[in-house]
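This report concerns the nonpolar cores and the strand pairing of a predicted model. The sequence and structure are shown below.

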Amino acid sequence: MKKNRALVLLTSCIMILSVVGCSPATPTAAPPEAPLTIIASEDYPNYGSVDALSERADTIVKGNVVQARVEALDDSVQTDSQDPNNSNTAGSAADAQVSFDKIYTIYTVQVTESYKGGYTAGDQLEVKQLGGQLGNTEIVNDDSLTLMPAKDYVLFLETYADTPASLLNSVQSLYVVKPAPKSSQASQQTQSEVIVSANPENDLTLSLSELQQIKKEQSNP
């Protein structure tokens, strides 16, 4: 699993760490029992259009949160050799496995409609966001938005075989589905749904018709 992210951490003792990829993020100066707060921000690729966003995502679903938990995950990345003569031999320094644990909030999402990917209505999938508290250690990620059980979301995701899925980025990949106005006819509810970005900094707008077009293209490649 590859991730192209930069992670910047600011500890409560005013120590600043810049983490590129997956380098150690936990300071060692604090006593073992001392509370530790880490302020984190992530740098993801930015997308110029909904088409670019949907093309990059391997999974696009609408759903709602049925459960949330906090967990420390081994955030691993396999580094690729840039040497064309390297045959990816096991144990090669160029293909070293770099890993460390970070604290994530993991949401279980009940899928109500799938627009792209292998999920169908009724399936559940897990989506992780950096941030949360375990014991005396807390990671506060201002880039992450809390997913609320009472809301319906559209999520543009990258999925992995061995860890929960991730949003493509924290600004452009999460949308809230608002119900039709109460004055609408029951038969027009679906057509009248409004989709708005969960992040006010998002410059991309998403419509129901665009989602249906994405779904149509997946059904008829």
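How many bridges join strand 4 to strand 7, and do these strands run parallel or antiparallel?

## Strand pairing

Strand 4 (residues 59–74) and strand 7 run antiparallel and are joined by 14 bridges. Within this pairing, Y107 in strand 7 stands opposite A68.

Strand 7 also pairs with strand 8 (residues 124–130), again in an antiparallel arrangement, through seven bridges. Here I106 stands opposite K128 in strand 8. Strand 7 itself, spanning residues 101–116, is mostly covered, with 13 of its 16 residues buried.

## The largest nonpolar core

In soluble globular proteins, nonpolar side chains tend to be buried together. In this predicted model, the largest nonpolar core comprises 17 residues. The residues with the most contacts inside this core are I60, V154, F156, Y175, L206 and L211. At least two core residues come from each of helix 1 (50–56), strand 11 (152–158), strand 13 (174–178) and helix 3 (208–219). Helix 3 provides the largest share, namely three residues.

## Surroundings of F156

Which residues are in contact with F156, leaving aside its neighbours within four places in sequence? They are L53, S54, A57, T59, I60, S166, L167, L168, S173, Y175, L206 and L211. Among these contacts, I60, Y175, L206 and L211 are also listed with F156 as residues with the most contacts inside the largest core.

Note on methods: Residues are numbered from 1 along each chain as its sequence is written. This is a predicted model: local features need pLDDT of at least 70, side-chain atom pairs count only at pLDDT 80 or more; totals for chains, interfaces and linings use all residues. Side-chain values use heavy atoms; hydrogens and water are left out. A nonpolar core is a set of buried Ala, Val, Leu, Ile, Met, Phe, Trp, Tyr and Cys residues joined through side-chain atoms within 4.5 Å. Buried means under 20% relative accessible area, exposed over 50%, partly exposed in between (1.4 Å probe, protein chains only). Helices (H or I, at least four residues) and strands (E, at least two) are DSSP runs, numbered from the N terminus. Contact means heavy atoms within 4.5 Å. Two strands pair if DSSP finds at least two bridges between them.
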